[in-house]
Amino acid sequence: MVRRHRRFELVQVTLGDAPIGSCTIDAWEDDEGNEQWAARVLMKSGHGSPEGVLSGSTRDGRSLTGRVRFAADQQGPRGGRTVLVELHGEGPLEEPPG
């Protein structure tokens, strides 16, 4: 059973060193009390299989970062030029130290 689900936008998002715009984050707590999260973002077709560190800011100015791995993509609203990419968090999505 999912608990404490929240959905919010991250802006000025980067994946590794590449800027990717904004994304939607879904975060929740699973049955075992572990924090889980996923990101959805529109990217150019042929993006490859992104993995790495996702970083961005919330609308209230907090910085968040976490490791992600590619999960799936599907055709985006702009036909063949973009795809909607789903990235799954590996570990916490949290404010960077310092």
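Is Glu 90 buried, partly exposed or exposed, and what is its relative accessible area? Glu 90 is partly exposed, with a relative accessible area of 39%, where buried stands for under 20% relative accessible area, exposed for over 50% and partly exposed for what lies in between, calculated with a 1.4 Å probe and for protein chains only. The model is a predicted one, in which local features need a pLDDT of at least 70 and side-chain atom pairs count only at pLDDT 80 or more, whereas totals for chains, interfaces and linings use all residues. Residues are numbered from 1 along each chain as its sequence is written, and side-chain values rest on heavy atoms, with hydrogens and water left out.

The protein chain has 0 helices and 6 strands, the helices (H or I, at least four residues) and strands (E, at least two) being DSSP runs numbered from the N terminus. The order of elements from the N terminus is accordingly β-β-β-β-β-β. Of the 98 residues of the chain, 34% count as buried. Among contacts (heavy atoms within 4.5 Å) between residues at least 6 apart in sequence, 49% join residues at least 24 apart.

Strands β1 and β2 run antiparallel and are joined by 9 bridges, two strands being taken to pair if DSSP finds at least two bridges between them. Within this pairing, Leu 10 stands opposite Cys 23 in β2. The two strands form a hairpin with 2 residues between them, and Gly 16 in the turn has a positive phi of about 70°. Strand β2 also pairs with β3 in the antiparallel sense, over 6 bridges, and the hairpin of β2 and β3 has 5 residues between the strands, with Gly 33 taking a positive phi near 85°.

Asp 26 lies in strand β2, which spans residues 18-29, and stands opposite Ala 38 in β3. Asp 26 is buried, with a relative accessible area of 6%, and its side chain is joined to that of His 5 by a polar contact of 2.8 Å. A polar contact is a pair of N or O atoms within 3.5 Å; within protein, one atom must be able to donate a hydrogen and the other to accept it, and residues adjacent in sequence count only if both atoms are side-chain atoms. With neighbours within four places in sequence left aside, the residues in contact with Asp 26 include Arg 6, Gln 36, Trp 37 and Arg 40.

In soluble globular proteins, nonpolar side chains tend to be buried together. The largest nonpolar core of the model holds 18 residues, of which Cys 23, Ile 25, Trp 37 and Leu 54 touch the most other members; such a core is a set of buried Ala, Val, Leu, Ile, Met, Phe, Trp, Tyr and Cys residues joined through side-chain atoms within 4.5 Å. Two or more residues are given to this core by each of β1 (3-15), β2, β3 (35-44), β5 and β6. Beyond its neighbours within four places in sequence, Ile 25 is in contact with residues including Phe 8, Leu 10, Trp 37, Leu 54 and Leu 93.

Side chains of opposite charge can pair when their charged atoms come close. The structure holds 9 salt bridges, each defined by a side-chain nitrogen of Lys or Arg within 4 Å of a carboxyl oxygen of Asp or Glu. Arg 69 and Glu 90 meet in a salt bridge with an N to O distance of 3.4 Å, and this pair links distant parts of the chain, Arg 69 in strand β5 and Glu 90 in strand β6 being 21 residues apart. Arg 69, at a relative accessible area of 35%, is partly exposed.

Arg 62 forms a salt bridge with Glu 95, the closest N and O atoms being 3.7 Å apart; here Arg 62 belongs to the loop between β4 (51-57) and β5 (63-76) and Glu 95 to the segment after β6 (79-94), 33 residues apart. The side chain of Arg 62 also meets that of Asp 60 in a salt bridge (3.8 Å, N to O). Asp 60 is exposed at 60% relative accessible area, whereas Arg 62 is partly exposed at 36% and Glu 95 is partly exposed at 47%. Elsewhere, Arg 4, Arg 6, Glu 29 and Glu 35 are linked in a network of salt bridges.
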